[in-house]
Amino acid sequence: NGRAVARFLAGHTKVKAVFYPGLSNHPQHELAKRQMSGFGSMITFETGSLNNAKKMLKKVRVCSLGESLGGVETLISHPATMTHAALGEKGRKAIGITDGLVRISVGIEDVDDLLADLDQALSAI
């Protein structure tokens, strides 16, 4: 599911960038291939702005909004307003956390349901 969602997001016109070691354009792809038997389910992607991220996150239905990304269900979060909010704008900028960044921990739901949910949510941007 993680690889399918990463490929989908990488090809979506509303997504500016996808950070996932299973994609060949990831800077650590070759290292990940040597160290992993798969590439996992944690994906980060850029929507372009805080407004875009908020619009998208309000529309997801299969994905659940949550700060903790460790479950069998698909969870999605907005680091700038959740996990990294305490760093402040300057602190987040220093480590590359933009207002448009969204993280998703892909779960075991039917992959077609996940892709449809993300597609309809991204259409809000």
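User: Which residues touch the most other members in the largest nonpolar core?

Analyst: In soluble globular proteins, nonpolar side chains tend to be buried together. In this predicted model, the largest nonpolar core has 25 residues, and Ile-43, Phe-45, Met-56 and Ile-76 touch the most other members.

User: Which elements give two or more residues to this core?

Analyst: They are α1 (2-11), β2 (42-46), α3 (50-59), β5 (101-105) and α5 (111-122). The most comes from α5, which gives five residues.

User: What does Met-56 touch, leaving out residues up to four places away in sequence?

Analyst: Met-56 touches Phe-45, Ile-76, Leu-118, Ala-121, Leu-122 and Ile-125.

User: How do I read the sheet? In what order do the five strands stand?

Analyst: Strands of a sheet pair through backbone hydrogen bonds, either parallel or antiparallel. Here the sheet is open, its order is β1-β2-β5-β4-β3, and the pairing is mixed. At the edges are β1 and β3 (64-65), each of which pairs on one side only. The helix α1 packs on the sheet and touches β1 and β2. Its direction makes about 10 degrees with that of β2.

User: How many bridges join β2 to β1, and how many to β5?

Analyst: Three bridges join β2 to β1 (residues 17-19), and these two strands run antiparallel. With β5, β2 pairs over five bridges, also in the antiparallel sense. Phe-45 of β2 stands opposite Val-18 and opposite Val-102 in β5. The bridge partner of Glu-46 in β5 is Leu-101.

User: Is β2 mostly covered or mostly uncovered?

Analyst: Mostly covered: four of the five residues in β2 are buried.

Methods. Residues numbered from 1 in each chain as written. Predicted model: local features only at pLDDT ≥ 70, side-chain atom pairs only at ≥ 80, totals over all residues. Heavy atoms only, no water. Core = buried A, V, L, I, M, F, W, Y, C linked by side-chain atoms within 4.5 Å. Buried < 20%, exposed > 50% of the residue type's maximum accessible area, 1.4 Å probe, protein only. Contact = heavy atoms within 4.5 Å. Pairing = 2+ DSSP bridges. Axes fitted to C-alpha atoms, helices over the stretch in contact; angles between N-to-C directions.
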